[in-house]
Amino acid sequence: MARTVVRVVVPIILVTAVGLLLQGHNRPGGGFIGAVLTATAFVLVYVIFGMEYLQDDFLGLRAADGGSHAAVEYYRWLFAAGLALAAGSGMAPLIAGLPFLTQAVLFLHHIPLYGEFELASAFAFDLGVYLTVVGGLLTVLGEVGSE
């Protein structure tokens, strides 16, 4: 029964996480809470199906050296990439002589299905936070889970 529930709930959790990430610079939500939900989905898969299923079937990774959890290295790279993106998006305004973390907004008009679409530089920071938190939490999950 738990396996069936996880198969139904995990996609809903992941869609909700992406929705919170995308609306985070305008409404409650953002990179942090979206990342926590994403990590929660991974924890559910790990607890119910096991680490091998998470690594092999869910993520499609194979251990090259026969290690128990090859995905931890990818989680660490995800963490580093997110940290670089968050720091870079915060420092980018410094090039233009603006204060750290100054944001800009661009409105795109006449977009099919949307009409008007808002493109905010704060999304880059939110995405960096998302990647950093997902990478960090999954690294902890992988390290603790392999023991």
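## Hairpin of β1 and β2

In the hairpin of β1 and β2 (strands being DSSP E runs of at least two residues), three residues lie between the strands, and one of the hairpin's features is the positive phi, near 75 degrees, of Leu-113. This is a predicted model, in which local features need pLDDT of at least 70 and side-chain atom pairs pLDDT 80 or more, while totals for chains, interfaces and linings use all residues. Residues are numbered from 1 along each chain as its sequence is written, and side-chain values use heavy atoms, without hydrogens or water.

Strand β1 (residues 105-111) pairs with strand β2 (residues 115-120) in the antiparallel sense over five bridges, where pairing requires at least two DSSP bridges. Across this pairing, Leu-108 stands opposite Phe-117 of β2.

## Packing of α4 and α5

Helix α4 (residues 71-95) packs against helix α5 (residues 122-145) with the axes, fitted to C-alpha atoms over the stretch in contact, 7 Å apart and at an angle of about 155 degrees. α4 is therefore roughly antiparallel to α5 (over 145 degrees). Their contact comprises 14 nonpolar, eight polar and two charged residues, with Gly counted as polar and Ala and Pro as nonpolar.

## Lining of the largest pocket

The largest pocket is lined by Leu-22, Gln-23, His-25, Asn-26, Arg-27, Phe-117, Glu-118, Leu-119, Ala-120 and Phe-123 (a pocket is an open set of 1 Å grid points where a 1.4 Å probe fits, with protein on both sides within 12 Å along at least five of seven lines; lining residues have an atom within 4 Å of a point). β2 gives the most to this lining, with four residues, and by class the lining of the largest pocket holds five nonpolar, three polar and two charged residues.

Conventions. Axes fitted to C-alpha atoms, helices over the stretch in contact; angles between N-to-C directions. Parallel < 35°, antiparallel > 145°, perpendicular 65-115°, else oblique.
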